[in-house]
Amino acid sequence: MNMPLAKTETASAVPVARPAATVLPLQIKRAPFRERAIARAITIAEHLLPPIIVLTIALVVWEILCGRPGATLPPPSQVLSETWELIVDPFYDRGGIDKGLFWHLSASLQRVAVGYCLAALAGIALGTLVGQSTWAMRGLDPMFQVLRTVPPLAWLPLSLAAFRQGQPAAIFVIFITAIWPIIINTAVGIRNIPQDFRNVAAVLRLNHLEFFWKIMVPSAAPYIFTGLRIGIGLSWLAIVAAEMLIGGVGIGFFIWDAWNSSRISEIILALVYVGVIGFILDRIVALLATIVTRGTAAN
Amino acid sequence: MKGYLKVDHVGKTFNKGAHATEVLTDITLTIEKGEYVSIIGHSGCGKSTLLNIVAGLITSTTGGVLLEEREVNEPGPDRAVVFQNHSLLPWLTVYDNVSLAVNKVFSGTKSRAERHDWVMHNLELVQMTHAKDKRPGEISGGMKQRVGIARALAMEPKVLLLDEPFGALDALTRAHLQDSVMAIHQKLGNTVMMITHDVDEAVLLSDRIVMMTNGPAARIGEILDVPLARPRKRLELAGNQTYLKCRQRVLEFLYERHRFVEAA
């Protein structure tokens with residue numbers, strides 16, 4: 001009921017008064033530096049506070065639970081005091097396996113790096129093959145599906161028998177652990193290249209190499225990186241277990257050694273380091289993915 | 001019968017196991033140089049299949065396609081396609097999408113600077129130079145289709161194949177883009193084969209309209225000449241007798257004689 005009334009009002013008003021529109025310069029108000037700094041600090045605090053609070057609560061609960069007499073595990077305060085030497089000096093080296101945590105972690109990381117890089121290369125190559133050729137898929141896929149369910153450590157005895165040395169055997173375990181998700185995701189990525197892109201390539205008569213670099217790799221990159229991220233997580237999981245059995249320098253054996261000498265606090269410290277490094281590795285691959293796919297991964 | 005592009009007794013049967021579906025039967029069509037020919041028919045009548053056969057993206061079961069007296073049976077830049085859903089590579093900028101085609105087609109004949117100028121020239125034709133550094137995800141559907149057209153034009157094709165190029169666009173954008181295509185056709189005199197299901201679009205743009213019967217085993221039902229002078233103006237044609245007659249003729253064909261049976 002209000003509509004027609006409002007309409008006639010505006011209709012009569014329009015011809016009467018129509019002042020020339022004045023253009024107002026748009027004034028961008030910049031908040032003073034102090035206010036912006038405060039606003040920024042608040043945003044940061046909003047993101048940092050929750051994890052800090054939760055962590056504190058967890059530590060307090062742990063302290064209470066394990067601080068009682070007769071507790072089997074040490075409370076955080078005891079962990080800190082017992083491992084202080086390891087925390088402040090991760091670089092000491094007294095020969096043999098009596099080294100700082102830095103050396104153990106770097107030995108593990110080196111094994112993972114070699115095994116994982118080999119897995120990435122072989123996995124992307126095999127995945128491309130399986131994704132591109134129906135024949136290769138039919139031939140290889142059943143084998144992949146069976147082999148990928150074999151637990152990483154089950155490969156270790158076979159690997160030791162073949163290589164007769166701890167180092168290459170551990171690297172092989174990493175390789176065989178990380179390769180499956182990389183193969184499978186790459187194959188899915190290649191398979192999912194839209195027919196339109198293939199048509200564009202056909203009309204342009206791109207040769208195989210051009211097709212590979214200009215269509216296949218960018219189009220499948222988001223899938224490939226999903227595989228690479230799962231792969232790096234799995235390799236880091238496998239290395240700790242493999243090193244426990246192989247011995248020598250490495251974070252896995254460090255944990256096993258600590259257990260054998262009942263140094264529970266050192267185990268806990270090592271677990272924290274393993275977790276943090278696993279997280280960093282995952283972030284690195286994720287960062288690499290954003291850089292390579294230039295943020296078009298969502299498409 | 002000379003003809004620039006000849007579709008000669010083309011038939012296509014798709015085999016799926018023991019089950020065979022005949023999609024196209026005995027399609028014969030001659031397109032002259034500089035002619036704008038539309039192919040119209042109900043969905044599922046195989047008009048896109050016909051375009052894909054001309055493009056070389058699928059092979060015909062019987063018959064063949066001749067371009068300048070030469071048989072074509074594989075895809076190539078001499079028959080550039082503007083795909084319905086633009087098919088721009090999302091990881092490349094607008095400029096790079098066009099230059100991918102230009103660099104491939106003119107790698108031996110044009111210098112680097114000439115190729116750059118040619119990319120920019122084609123982006124200018126479709127009025128897209130302002131967005132040359134944007135990625136397809138950052139521009140509108142109409143703009144993407146413009147870039148698709150620029151990419152096809154940049155290959156300097158002998159025949160431009162348009163596969164329902166305006167199908168995915170809203171009505172206003174579509175009209176705007178149709179005008180652009182008309183202007184480009186006027187200026188460059190391309191030979192165009194366009195698939196459409198829009199009667200007004202077909203009459204407005206084409207010199208001839210090829211009407212297809214319903215599938216399976218679709219044939220050419222009728223070919224209609226559109227004797228309207230160019231350049232054509234959308235608004236002036238709205239009341240033009242010839243325009244209305246042509247429109248009527250196509251509508252009759254599609255909705256009386258070859259009604260789409262599955263349509264509810």
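The model is predicted, so local features are reported at pLDDT of at least 70 and side-chain atom pairs only at pLDDT 80 or more, whereas totals for chains, interfaces and linings use all residues. Residues are numbered from 1 along each chain as its sequence is written, chains are lettered from A in the order in which they are written, and side-chain values use heavy atoms, with hydrogens and water left out.

Chain A contains eleven helices and zero strands, where helices (H or I, at least four residues) and strands (E, at least two) are DSSP runs numbered from the N terminus. Along the sequence, this gives the pattern α-α-α-α-α-α-α-α-α-α-α. Of the 299 residues of chain A, 34% are buried; buried denotes under 20% relative accessible area, exposed over 50%, and partly exposed the range in between, with a 1.4 Å probe and protein chains only. A contact is defined by heavy atoms within 4.5 Å. Among contacts in chain A between residues at least 6 apart in sequence, 67% join residues at least 24 apart.

Two packed helices are described by the angle between their axes and the distance between the axes. In chain A, the axes of helix H4 (residues 101-132) and helix H7 (residues 166-191) come within 6 Å and cross at roughly 30°. Axes are lines fitted to C-alpha atoms, for helices over the stretch in contact, and angles run from 0 to 180 degrees between N-to-C directions. The crossing of H4(A) and H7(A) is right-handed, that is, the near helix is turned clockwise from the far one by less than a right angle. The contact of H4(A) with H7(A) comprises 20 nonpolar, eight polar and two charged residues. In this classification Ala, Val, Leu, Ile, Met, Phe, Trp, Tyr, Cys and Pro are nonpolar, Asp, Glu, Lys and Arg are charged, and the others, Gly among them, are polar.

At the interface, 23 residues of chain B are in contact with 18 residues of chain A. The buried area (the accessible area, with a 1.4 Å probe, that two parts lose on being put together, summed over both) is about 1900 Å² between chain B and chain A, and carbon and sulfur atoms give 68% of it. B:Trp91, B:Leu100 and B:Lys104 supply 35% of the area that chain B buries against chain A, more than any other three residues. Two salt bridges are found across the interface of chain B and chain A, a salt bridge being a side-chain nitrogen of Lys or Arg within 4 Å of a carboxyl oxygen of Asp or Glu. A:Arg205 and B:Glu74 form a salt bridge at 4.0 Å, N to O.

Over all chains, the count is 20 salt bridges. In chain A, A:Asp257 pairs with A:Arg263, with the closest N and O atoms 3.7 Å apart; A:Asp257 is partly exposed at 26% relative accessibility, and A:Arg263 is partly exposed at 32%. A:Glu85, A:Arg94 and A:Asp98 are linked in a network of salt bridges.

In chain B, B:Asp179 forms a salt bridge with B:Arg234, the closest N and O atoms being 3.1 Å apart. B:Asp179 lies in helix H5 (residues 171-188) of chain B and B:Arg234 in helix H7 (residues 234-237) of chain B, so this pair ties together parts 55 residues apart in sequence.
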